[in-house]
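Please read it beside the coordinates.

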Amino acid sequence: MDPVRIRRMSRDDLVATERTAAVTFLEGDRLSRRVGEPDPEPPTEEQSRRLIDRLGHFLSVDPDGCWLAEEGRDVVGFAVSQNREGLWYLATYGVLPGRQGKGIGKRLMDAVLAHAGDRPGLFSSTVHPAATRRYRLAGFTLHPQMRMVGTVDRSTLPAVRGLRDGHADDLEWMDRLDTAVRGAGHGPDHVHMLETLRLVVSDAPGRRGYVYIDEGAGRPALLAADRPETAETLLWEALAAARGDTLVNCITTDNHWAVDVGLAARLDIGQEGYIAVRGMPAPAPYLASGHYL
């Protein structure tokens, strides 16, 4: 009898799942660390709390998309996906390093893909060979991602006009923009992000867009716009809010405008994983969130 059971997640599993995720992602970061980069560190207490908060949000909105792998009383893997209107996304996924290569990841992916049904889907993935093979076999197209890191040269920051802080009244048109760019609105995810991130918007006709800024980490967390010029302005605003090192990630080749902004700000460019899409093009102008896609 297989000792590993795949079952739906519950709120009682949130802390154990976060602990499993912390171990899994730390080891993944160690394996993918580039020469010259500092050693990855375990999540801080605040980072752990935020992950538990996100998992609780996903459970409250779409619990049927939240699964884990359990061996005895131990959580050895997890896969959290969400359906938003006609779109599916994978929010987080992992298997403990010592339990990989035993079919657990495939069983978890089977569960969340069954939840997706025939919806188009997307997620951000690592370069883990077994995982990427599984994604491709499931019908996903893998678009290589770039990331830009470093300290913004503040002498390069342009004067930015036409932006303001966003609020709850903006979410309706933001969802319409999401639908045009990625096929569906973020819906309740916008409400959740608004509680923890700074929202900046451009709402002039023909120049609509938004960016969520993680001010604690000093980086853009999610960006969508109706045209590249609007996206560039929003990204400059996010970079202006950075203090110390920043990160711009989830940049696909369809979003080269972000590369241009990052290079102008004197950030360094590198490669990092894939945006995986099925039944849809890679969104643009758009910088996906690793958590809410």
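In this predicted model, helix α4 spans residues 129-137 and has Ala131, Thr132 and Tyr135 as buried residues. These three cover an arc of only 95 degrees around the axis, which puts them on the same side of α4. An α-helix has 3.6 residues a turn, so residues three or four places apart point the same way.

**Surroundings of α4**

- The face of α4 turned away from the buried side carries Pro129, Arg133, Arg136 and Leu137, which are exposed.
- Packing against the buried residues of α4 are β4, α3, β5 (121-125), β6 (141-151) and β12 (268-278).
- Gly139 follows α4 and has a positive phi, near 95 degrees.

**Helix α6: buried face**

- Asp189, His190, His192 and Met193 are the buried residues of α6.
- Viewed down the axis of α6, these residues fall within an arc of 165 degrees, so they line one face of the helix.
- The elements that the buried residues of α6 pack against are α2, β3 (74-84), β4, α5 (171-182), β9 (207-214) and β10 (219-225).

**Helix α6 with α2**

- Helix α2 (residues 45-61) packs with helix α6 (residues 188-196) at an angle of about 155 degrees, and their axes are 11 Å apart.
- Because angles over 145 degrees count as roughly antiparallel, that makes α2 roughly antiparallel to α6.
- The crossing of these two helices, α2 and α6, is right-handed.
- On the α2 side the contact is made by Asp53, Arg54, His57, Phe58 and Val61, and on the α6 side by Pro188, Asp189 and His192.
- By class, the residues of the contact between α2 and α6 are three nonpolar, two polar and three charged.

**Helix α6 with α5**

- Helices α5 and α6 pack at an angle of about 120 degrees, with 10 Å between their axes.
- The two helices α5 and α6 are therefore oblique to each other.
- Their crossing, α5 past α6, is right-handed.
- Leu171, Met174, Asp175 and Asp178 of α5 make the contact with His190, Val191 and Leu194 of α6.
- Four nonpolar, one polar and two charged residues form the contact of α5 with α6.

**Helices α7 and α8**

- Helix α7 (residues 228-240) and helix α8 (residues 256-264) have axes 9 Å apart and pack at an angle of about 35 degrees.
- The α7 and α8 crossing is right-handed.
- From α7, the contact uses Pro228, Ala231, Glu232, Leu235, Trp236 and Leu239; from α8, it uses Trp257, Ala258, Val261 and Ala264.
- The classes in the contact of α7 with α8 are nine nonpolar, no polar and one charged.

**Two individual sites**

- Thr20 is placed in helix α1 (residues 14-32).
- With a relative accessible area of 7%, Thr20 is buried, because buried means under 20%.
- Apart from neighbours within four places in sequence, Thr20 is in contact with Val75, Val76, Gly77, Phe78 and Leu96.
- Gly103 sits in the loop between β4 (87-95) and α3 (104-116).
- The relative accessibility of Gly103 is 35%, so Gly103 counts as partly exposed.
- Gly103 and Val4 are separated by 99 residues in sequence and by 10.0 Å in space, C-alpha to C-alpha.

**Backbone exceptions**

- Most residues other than glycine have a negative phi, and most peptide bonds are trans.
- Cys250 has a positive phi, near 60 degrees, and is a residue other than glycine.
- Cys250 belongs to strand β11 (residues 245-251) and is buried, with a relative accessible area of 5%.
- Arg266 is not a glycine, yet its phi is positive, about 70 degrees.
- Arg266 is in the loop between α8 and β12 and is exposed, with a relative accessible area of 52%.
- The peptide bond joining Ala284 and Pro285 is cis, with omega about -10 degrees.
- Pro285 lies in the loop between β12 and β13 (286-287).

Conventions: Residues numbered from 1 in each chain as written. Predicted model: local features only at pLDDT ≥ 70, side-chain atom pairs only at ≥ 80, totals over all residues. Heavy atoms only, no water. Helix = DSSP H or I, 4+ residues; strand = E, 2+ residues; numbered from the N terminus. Buried < 20%, exposed > 50% of the residue type's maximum accessible area, 1.4 Å probe, protein only. Arc of directions from axis to C-beta. Contact = heavy atoms within 4.5 Å. Axes fitted to C-alpha atoms, helices over the stretch in contact; angles between N-to-C directions. Parallel < 35°, antiparallel > 145°, perpendicular 65-115°, else oblique. Left-handed = near helix turned anticlockwise from the far one by under 90°. Nonpolar A, V, L, I, M, F, W, Y, C, P; charged D, E, K, R; others polar.
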